Amino acid sequence: MADRLAGIEAFVRAIRLGGISAAAREMRISPAMATKHLDALEARLGVTLVHRTTRRLSLTEAGRSYLEAAERILMDLGEADAEASSRTLAIEGLLRVSAPSAFGVMHLPNLISEFHELHPAVTVELGLNDRYVDLLEERWDAAIRIGKLADSSLIARKLADARLNVCASPLYLAAHGLPQSVEDLGDHDCLGYTLSSLTGHSQWGFGTDGSIKISVRGSLRTDNGAALVQAAVAGQGIVYGPRFLSNWAVASGALIEIDLDVPLLDMGAIYSVTHAMRRPAAKTRAWIDFLAARMPGLAANW
């Protein structure tokens, strides 16, 4: 049974990581041994799962069918192991967490401080980056992802809904008027988020699926949503972004939410994710459980 599971693991890792050598490194075995496990799996099944060349691997039809089942097996086994280990292992060590920059700066330091009070033997390394990070390759224990998840290889836990709003300062609206419809936005200074095509510097998307496209222009564009909120507070223009970045300004009256004539884009949710092929340690499970308990209350006004 152990050899059989090793074959399944070698197969899944080789496909997801792009090669047998990469799979072997993650499994801490030699490439020759990883190849042996994969060969034994194919021999046991009586089919070829992977076409192998010196440069790349490609799935056969049988391999594509088997991959989903194989990943599910490893995921179920990982969750069972994690459940057992979380009950028996000490919650300690270095916890590496990746998160989007603006969200991380605004909301994670206080949460990390609370988490440290509960688990003082854990040291948190927080990486703030708006690019897509590869948890396995870059050795992150967990990550915060915001939006609609596309990577089915991750184990995800929903923490809270993520909603957008359109807002501007009282000063700006007094000077330029209140837009009533999305078409009115063409006459306003619309601050653009350069990492999104649907809330960017030249086009904003409306309707829950973003199918209503409105051309916009603005005097500021940036890759940081918190900077856009600050610019809007200063009266520079209208911002279209996550409520978790602007809720403080709306609550204080520094920004006013604008109701338009169509629904806003459905942003998705805030998730904590871990990799299905890495068994979460007790520290990681404790962090995710902590976020799941604290985030809904924190996000009640988002």
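The side chains of Glu125 and Arg96 meet in a salt bridge, with N and O 3.3 Å apart; the term stands for a side-chain nitrogen of Lys or Arg within 4 Å of a carboxyl oxygen of Asp or Glu. This pair links distant parts of the chain, 29 residues apart: Glu125 belongs to strand β4 (residues 122-128) and Arg96 to strand β3 (residues 93-99). Strands are DSSP runs of E with at least two residues, helices are runs of H or I with at least four, and both are numbered from the N terminus. Arg96 is buried, with a relative accessible area of 18%, while Glu125, at 31%, is partly exposed. Here buried means under 20% relative accessible area, exposed means over 50%, and partly exposed lies in between (1.4 Å probe, protein chains only).

Before going on, keep in mind that this is a predicted model, in which local features need pLDDT of at least 70 and side-chain atom pairs count only at pLDDT 80 or more, whereas totals for chains, interfaces and linings use all residues. Residues are numbered from 1 along each chain as its sequence is written, and side-chain values use heavy atoms, leaving out hydrogens and water.

The structure holds eleven salt bridges. One of them joins Glu9 to Arg13, with the closest N and O atoms 2.8 Å apart. Both residues sit in helix α1 (residues 2-17), four residues apart, or about one turn of the helix. Glu9 is partly exposed at 24% relative accessibility, but Arg13 is buried at 5%. Asp161 and Lys158 form another salt bridge, at 2.6 Å between the closest N and O atoms; Asp161 is partly exposed at 46%, and Lys158 is partly exposed at 47%.

Now for a pair of helices. The axes of α2 (residues 20-27) and α3 (residues 31-45) come within 8 Å and cross at roughly 105°. The two are therefore roughly perpendicular, a label for angles of 65 to 115 degrees. Ile20, Ser21 and Ala24 of α2 meet Pro31, Ala34, Thr35 and Leu38 of α3, contact being heavy atoms within 4.5 Å. These residues divide into five nonpolar, two polar and no charged.

Finally, the whole protein: ten helices and 14 strands, with C-alpha atoms filling a box of roughly 75 × 45 × 25 Å along the principal axes. Of its 302 residues, 46% count as buried.

Terms used
Axes are lines fitted to C-alpha atoms, for helices over the stretch in contact, and angles run from 0 to 180 degrees between N-to-C directions. Angles under 35 degrees count as roughly parallel, over 145 as roughly antiparallel, 65 to 115 as roughly perpendicular and the rest as oblique. Ala, Val, Leu, Ile, Met, Phe, Trp, Tyr, Cys and Pro count as nonpolar, Asp, Glu, Lys and Arg as charged, and the others, Gly among them, as polar.
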